[in-house]
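Biologist: I would like to learn how to read a protein model. Could we go through it together, feature by feature?

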Amino acid sequence: MLQRLARLSWRRSAAAAPLAEALRCASSGSVDITVPLNFWAGKRRRGPEKCNTEDVYEPATGRILCHLEPCGPVEVDQAVKAAKSAFGHWSKMSGMERARTMIEAAHIIESRREEIAEMEVVNNGKSITEARLDVDSARLCIEYYAGLASTLAGQHVQLPGGSFAYTRREPLGVCVGIGAWNYPFQIAAWKSAPALACGNSMVFKPSPVTPVTAVMLAEIYAKAGAPEGLFNVVQGGQETGSLLCHHPDVAKLSFTGSVPTGQKIMEMASKGVKPVTLELGGKSPLLIFQDSDLENAVRGALMANFLSQGQVCSNGTRVFVQRDILPEFVEEVVKRTQAIEIGDPLLESTRMGALVSRSHLDKVLSFVDQAKKEGATVMCGGEPFVPSDPKLRGGYYMTPCVLSNCTDEMTCVKEEIFGPVMSVLSFETEEEVLQRANDTTLGLAAGVFTRDVRRAHRVVEHLKAGSCFINNYNITPVEVPFGGFKMSGIGRENGQVTIEYYTQLKTVFVEMGDVDSLF
């Protein structure tokens, strides 16, 4: 339940959003209010009786934010049944009718932008500036798929003798979305929008680390006029996720997270031959050639490493710089990195907030220590950071880190750190750097900076990654598909192609003459 959120009142001077204000009052003891985080059949629901609750922490302060009530078999079944019931009505509506509900949801998100962003900051630790952009991305995604809802169509095929065949693109049924903790609200929208546009219903499980904002999206869909049970939220960890994967009434699974968890989900889905969309980890290369616009290359490298405290799966954390410009590049990157404002994520001036948890902070710092042992040079950062504000001193902060003198064999170069750590490597030739860039089992993203347009397209053609950037990095417009190669996943999110991953194709043959039988 969401209580004790009032502790944030000391940090904001702007007028508080309604829910945030109510929760602040609750935690200060002036109002006895508890807010369940599970949601199905149109309203918030209590967890099972006598369940073991889990603490959820505020990354900025390290204090307990709320308590999570994990869902067990009964609750998961209730949520799936609610989704199945809603599917029966929603799937029979026209695309235009579904679009109207989705557009209304987008309008509500726009009107509550600041409130949702603040909640995201409180639960995730990222800066308010980034959180607002995440909310915008969620809204735009819902608007985009609302526009596609009425365009779903099959194909007509003329056959001999006047006979013909046609195809129908039909919804799958109850879809399950399992989200990650780095973009809680955005991921919930990215998974639900195409699913709902295609006529499906959804049960969504957020990360237990960041459970707060997904249920806000559920309430928004309900307020927009969605049938009860269309979008449901069940909280919990691995056990809850396993129950969803094995449920016989679930038709499809979409997961964002780590490779090992993605492998387990794919294995569980195989038991029921259920389609999956997996957006997994990355160890992406960023190639910077000597003819690059250095200012833009530096900006791109910073965007490729330090968004959301470096907790982005597509981050270009292996920065390959052509040797002739390496000293100048490193000098400028270090200067810009040292100038990054770290601290209270709810302040407008902050550009780097807190990492998501104490254990994750310790893990990222251990990667820096290991890099030093293996011979990398710490040019800046890589240390715990304690803000001057005493109320923030229990938060999970670190200084953004730039490592130089890195080699391909180092742990920091081979393994996904998922924190604000940039590894800089040098290279001589295009052929050499392409071989090294592709020498990984992952293939989520890649980038290249160069003024040579022919080289840019030539290099991108040979990069083994699902999302490639030329002279930019980490931009994700909802109109464009996003997803990986190799062990970085299968399927795509965003763009028109995602419609194919939330529908099934039915072929219908129509005979206009007599049956030509061999018997």
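Biologist: What is the volume of the largest cavity?

Modeller: Here is the general idea: rolling a probe the size of a water molecule over the atoms shows where empty space is left. In this predicted model, the largest cavity comes out at about 70 Å³. Of the 16 residues lining that cavity, Pro285, Ala437, Thr440, Leu442 and Lys464 are the closest to its centre.

Biologist: Which strands each supply at least two residues of that lining?

Modeller: Look at strand S17 (442-443) and strand S18 (445-449); each of them gives at least two residues to the lining of the largest cavity.

Biologist: How many cavities of 30 Å³ or more does the structure hold?

Modeller: There are 5 of them. By class, the lining of the second largest cavity has 4 nonpolar, 5 polar and 2 charged residues.

Biologist: Let us turn to annotations. Which residue does UniProt list for "active site"?

Modeller: The UniProt record, an unreviewed entry, lists Glu279. Keep in mind that such annotations may be inferred rather than shown by experiment. In the model, Glu279 is part of strand S11, which covers residues 276-279.

Biologist: Is Glu279 buried or exposed?

Modeller: To decide, compare the relative accessible area with a cut-off: under 20% means buried. Glu279 has 6%, so this residue is buried. Leaving aside residues up to four places away in sequence, Glu279 touches several others, among them Phe255, Cys313, Leu444 and Glu493.

Biologist: Now the wider view. Into which domains is the protein chain divided?

Modeller: A domain can be made of pieces that are separated in the numbering, and domain 1 shows this with 38-280 + 493-503, while domain 2 takes 285-487. Their centres, taken over C-alpha atoms, are separated by 30 Å. The contact between them takes 35 residues from domain 1 and 35 residues from domain 2.

Biologist: How far apart in space are Leu286 and Asn315?

Modeller: Leu286 and Asn315 are 29 residues apart in sequence, and from C-alpha to C-alpha they are 8.9 Å apart in space. Leu286 sits in strand S12 (residues 285-288). With a relative accessibility of 0%, Leu286 counts as buried. Among the residues Leu286 touches, not counting those up to four places away in sequence, are Gly300, Val319, Phe449 and Tyr473.

Biologist: Where do Asn471 and Asn494 lie?

Modeller: Asn471 belongs to the loop between strand S19 (467-470) and strand S20 (485-486). Asn494 is in the loop between strand S21 (489-490) and strand S22 (503-510). Now apply what you learned about accessibility: Asn471, at 37%, counts as partly exposed, whereas Asn494, at 0%, is buried.

Conventions
Residues are numbered from 1 along each chain as its sequence is written. This is a predicted model: local features need pLDDT of at least 70, side-chain atom pairs count only at pLDDT 80 or more; totals for chains, interfaces and linings use all residues. Side-chain values use heavy atoms; hydrogens and water are left out. Helices (H or I, at least four residues) and strands (E, at least two) are DSSP runs, numbered from the N terminus. Buried means under 20% relative accessible area, exposed over 50%, partly exposed in between (1.4 Å probe, protein chains only). Contact means heavy atoms within 4.5 Å. On a 1 Å grid over the protein atoms alone, a cavity is a set of points where a 1.4 Å probe fits but cannot get out, and a pocket is an open set with protein on both sides within 12 Å along at least five of seven lines; lining residues have an atom within 4 Å of a point. Grid points are joined across faces, edges and corners, and a volume is the space filled by probe spheres set on the points. Ala, Val, Leu, Ile, Met, Phe, Trp, Tyr, Cys and Pro count as nonpolar, Asp, Glu, Lys and Arg as charged, and the others, Gly among them, as polar. Domain bounds come from an automatic or database domain assignment.
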